[in-house]
Amino acid sequence: MAEIAQVALQSALETWLAHETSSAVTVSGLAQMAGGASQAIWRFDLHIADGVWRGDYRLVARRQMGGKIYAEALDLAAEFEVLRAAYKSGVLAPRPYWFAPDVLGSATIVMARLDGETIGRRIVKAPEFAGARAILPEQMGAALAAIHQIDIEAHGLRASVPSSSLTPAQAHITRLEADLDRIGEPHPAIELCIRWLRHNEPPPPKKRVLVHGDYRLGNMMVTAEGLAGVLDWEFAHIGEAAEDIAWGMVREWRFGVDQLHFSGISAPEPFLAAYVAHGGEPIDVARLFYWEVMGNLDWAVGTLNQADRHLSGDAPNLEFASLGRRCAEIELEALSLIATALRGTEASHAR
Amino acid sequence: MQDRPNSRELIEAVAAFLEQEIIPATDDARLRFRALIAANVLAVVGRELAAGEAPIYGEYERLTELLKVPTESAGSQSGETWHAVIYTLSKILCAQIRAGDWDDPADFERALTHAQMTVVEKLRVSNPRYLKAFARAD
């Protein structure tokens, strides 16, 4: 069965891409890569015989399979628009080539295939990434500044990505509460943190920007030379720059190297300095802290959402199931952060 | 009463099987990752069985104190009933927190202390190593 599906896909890709490029094309080396629950990812090489596209390309095809995991995630058509805007704006990202709403029954994006590592735990620890770790904070700061300067109107993104009439903080809180209500499990720790978020919201941002929405080490393609490209744009939306800046500070995204506050690879300063040096608005400590708390809450509720996908029978899966028992780790961190803010000391009860 | 091995011993045997026989025998990275998760999940269940009902009763007592409802003695209910009671009381506490009933700083502090203790109790079962690393980092 698998082979038949692969032969059919190869033939469908060749027909489609021949049409896109007005040339004879050859697809080779087609193979499925580890993908998400809602997308299948295939790698392949493409030879284009003639015309303006003539040449050889190393590519991936991302295909929408079934429903989206998260209601707020972009569909592939919108993700293609965002990726194209980012690439055209000079953001370090894989070049998007073509999109079709129906290739053998599924929406499909074809984009450049980047080589490297995306497993956070390896990037923060493996010796071969020591050089990369030294320059990644600056590279990630520069790339994020470029993302936040993408011209939303010029690229017509307002229609394709979500935005909210609420402040970005209130939009997050509203979604967190809705998720908790839908899942139905009592989590006093999360409710208390949400209360803290409601009472400590910083002034609304002066400007709303295109937010990547999942800007952390696990979504960076990294080689020994550092950042090769920013991946996974499906959570892009219009919001506040601080959402992206603080997300990499969240303990979970330090991948076990807890003492290095930014992504387990450095102190925040080199990342923040590069962000500002490349045109990003400076962020004050209080706003950064606020969004770090928010990030923890997003991830805490994220684990509950994943466990719920298992429990509801939506996507029965041991990994999702196990995440339900990881929520307490993130709750401990979030409680500790707000206790520090409230008591002005480290949380003694956490010990 | 069931014969030995008891439930804890059986869980340990399955975890050892995964760790010593399945994980070393596979070069499929994804399968290996899932087998590691499976072994870890069994370890969590083993610790939960070993911990017994004591932490659950502690959580119940704290909730009755916070919510000012009468406390029943530890032996009066089965474990399963305690779970249902704690669930209901926690739901009430959550609704009150969201309604702003615990916003007064002294009240908030009491609820926060309860939440921290509850989370620490959960982590003693689900991830004691994380708990230790967390205390060190602070």
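Colleague: What span does helix α9 of chain A reach from its first C-alpha to its last, and what is expected?

Modeller: This is a predicted model. Helix α9 of chain A, residues 285–311, has 27 residues and reaches 39 Å, close to the 39 Å expected at 1.5 Å a residue.

Colleague: Why is α9(A) called largely enclosed by the rest of the structure?

Modeller: Buried means under 20% relative accessible area. In α9(A), 22 of the 27 residues are buried, so the helix is largely enclosed.

Colleague: What is found at the start of α9(A), and what just after it?

Modeller: At the start, a side-chain oxygen of A:D284 comes to within 3.1 Å of the backbone nitrogen of A:A286. A polar contact needs N or O atoms within 3.5 Å. Just after the helix, A:G313 has a positive phi of about 85 degrees.

Colleague: How do you know that the span of helix α6 of chain A agrees with its number of residues?

Modeller: Its 12 residues, 188–199, should span 16 Å at 1.5 Å a residue, and the end C-alpha atoms are 17 Å apart, which agrees.

Colleague: Which helices do the buried residues of α6(A) pack against?

Modeller: In chain A they pack against α5, α9 and α11, and in chain B against α4 and α5. The buried residues include A:W196 and A:R195. With 10 of the 12 residues buried, α6(A) is largely enclosed by the rest of the structure.

Definitions and conventions
Residues numbered from 1 in each chain as written. Chains lettered and ligands numbered in written order. Predicted model: local features only at pLDDT ≥ 70, side-chain atom pairs only at ≥ 80, totals over all residues. Heavy atoms only, no water. Helix = DSSP H or I, 4+ residues; strand = E, 2+ residues; numbered from the N terminus. Expected span 1.5 Å × (residues − 1). Buried < 20%, exposed > 50% of the residue type's maximum accessible area, 1.4 Å probe, protein only. Polar contact = N/O pair within 3.5 Å; in protein donor to acceptor, adjacent residues only side chain to side chain. Contact = heavy atoms within 4.5 Å.
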